[in-house]
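This report goes through one protein chain, from its overall layout to single residues. The sequence and coordinates come first.

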Amino acid sequence: MKNIGLFLAMLSCCAVAPAQENAPAAATAPATAMAKAIEQTNFITAHKPSTEAKYYMFLCSASWCSPCRYVMPKIVNEYPNMMANKDVEIILLGLDHSPEFTRKYLEKYNAPFAALQYKSDEGLKLPGFPRDIMGIPHIVVVDAEGKLLYRGHAMRYADWKTEIEKKK
């Protein structure tokens, strides 16, 4: 009988604690190439682009460019509609002389999107980053993996989705 008592005492000391129900969930890694790159990119604005967008529109623009200044308020006004379904996120690629000029350009138009200097190495981290701009204002639309879907003059910013649908 002593052996059974000793055996039961040993078992009670070695009991396994049940799993905690409120254990913190493991952090999920970004799902797309663009989401991963966004997390590693240092934007010149406090705002970072959404990592959940289906499409990313690179808006190549500068404060010294008259056509850019013409189209910027139109894109800013359309931005809430573009973001309504979280379909597209705009990233300004500033071609101004410095990050400060680019930030002032965004502030002038109350543009709520993220920005990078076009010539900085930070942009090269983003899949689909346009390296061959032929003129400004210009837009380049890529999917969440960085595949080029559309490019054209920024005045056609509202046509990008229709053009993508035509190619399917």
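**Overall layout**

The model is a predicted one. Its chain has 168 residues, of which 44% count as buried. Five helices and five strands make up its secondary structure, and along the sequence they follow the order α-α-β-α-β-α-β-β-β-α. Among contacts between residues at least 6 apart in sequence, 62% join residues at least 24 apart.

**Nonpolar core**

The largest nonpolar core contains 50 residues, and Phe-58, Leu-59, Met-72, Phe-113 and Leu-126 are those with the most contacts inside it. Elements that each supply at least two of its residues are helix 2 (33-40), strand 1 (55-61), helix 3, strand 2 (88-94), helix 4 (99-108), strand 3 (114-117), strand 4 (138-143) and strand 5 (148-153). Helix 3 provides the largest share of this core, with eight residues.

Which residues does Phe-113 touch, not counting residues up to four places away in sequence? They are Thr-45, His-47, Leu-59, Met-72, Ile-75, Val-76, Tyr-79, Ile-90, Leu-92 and Leu-106. Leu-59 and Met-72 in that list are also named among the core residues with the most contacts.

Val-142 belongs to strand 4. With a relative accessible area of 1%, Val-142 is buried, because buried means under 20%. Setting aside neighbours within four places in sequence, Val-142 is in contact with Met-34, Lys-54, Tyr-55, Tyr-56, Phe-58, Pro-127, Gly-128, Lys-147, Leu-148 and Leu-149. Val-142 and Val-88 are 54 residues apart in sequence, and their C-alpha atoms are 9.5 Å apart in space.

**Largest pocket**

The largest pocket holds about 150 Å³ of space. Its lining consists of Glu-78, Asn-81, Met-82, Asn-85, Asp-87, Val-88, Tyr-157, Ala-158, Trp-160 and Lys-161. Helix 3 (66-83) and helix 5 (160-167) are the elements that give two or more residues to this lining. The most, three residues, comes from helix 3. Sorted by class, the lining has five nonpolar, two polar and three charged residues.

Asp-87 sits in the loop between helix 3 and strand 2. Not counting residues up to four places away in sequence, Asp-87 touches Ala-53, Lys-54, Tyr-55, Met-82 and Lys-161. Met-82 and Lys-161 are, like Asp-87, in the pocket lining.

**Cysteines**

The number of disulfides is zero. A disulfide is a covalent bond between the sulfur atoms of two cysteines. For Cys-60, the closest cysteine sulfur is that of Cys-68, at 9.1 Å, so the two are too far apart for a bond; the cut-off is 2.5 Å. Cys-60 is buried, with a relative accessible area of 0%. Cys-68 also counts as buried, at 0% relative accessibility.

**Accessibility of selected residues**

| Residue | Relative accessibility | Class |
|---|---|---|
| Cys-60 | 0% | buried |
| Cys-68 | 0% | buried |
| Val-142 | 1% | buried |
| Pro-80 | 51% | exposed |
| Asn-110 | 64% | exposed |

**Backbone details**

Most residues other than glycine have a negative phi, and most peptide bonds are trans. Asn-110 has a positive phi, near 50°, and is not a glycine. Asn-110 lies in the loop between helix 4 and strand 3. Asn-110 is exposed because its relative accessible area of 64% is over 50%.

Which residues are joined by a cis peptide bond? The bond joins Ile-136 and Pro-137, with omega about 0°. Pro-137 falls in the loop between strand 3 and strand 4.

Another proline, Pro-80, is located in helix 3. At 51% relative accessibility, Pro-80 counts as exposed, since the exposed class begins over 50%. Pro-80 and Pro-112 are separated by 32 residues in sequence and by 9.5 Å in space, C-alpha to C-alpha.

Terms used. Residues are numbered from 1 along each chain as its sequence is written. This is a predicted model: local features need pLDDT of at least 70, side-chain atom pairs count only at pLDDT 80 or more; totals for chains, interfaces and linings use all residues. Side-chain values use heavy atoms; hydrogens and water are left out. On a 1 Å grid over the protein atoms alone, a cavity is a set of points where a 1.4 Å probe fits but cannot get out, and a pocket is an open set with protein on both sides within 12 Å along at least five of seven lines; lining residues have an atom within 4 Å of a point. Grid points are joined across faces, edges and corners, and a volume is the space filled by probe spheres set on the points. Helices (H or I, at least four residues) and strands (E, at least two) are DSSP runs, numbered from the N terminus. Ala, Val, Leu, Ile, Met, Phe, Trp, Tyr, Cys and Pro count as nonpolar, Asp, Glu, Lys and Arg as charged, and the others, Gly among them, as polar. A nonpolar core is a set of buried Ala, Val, Leu, Ile, Met, Phe, Trp, Tyr and Cys residues joined through side-chain atoms within 4.5 Å. Buried means under 20% relative accessible area, exposed over 50%, partly exposed in between (1.4 Å probe, protein chains only). Contact means heavy atoms within 4.5 Å.
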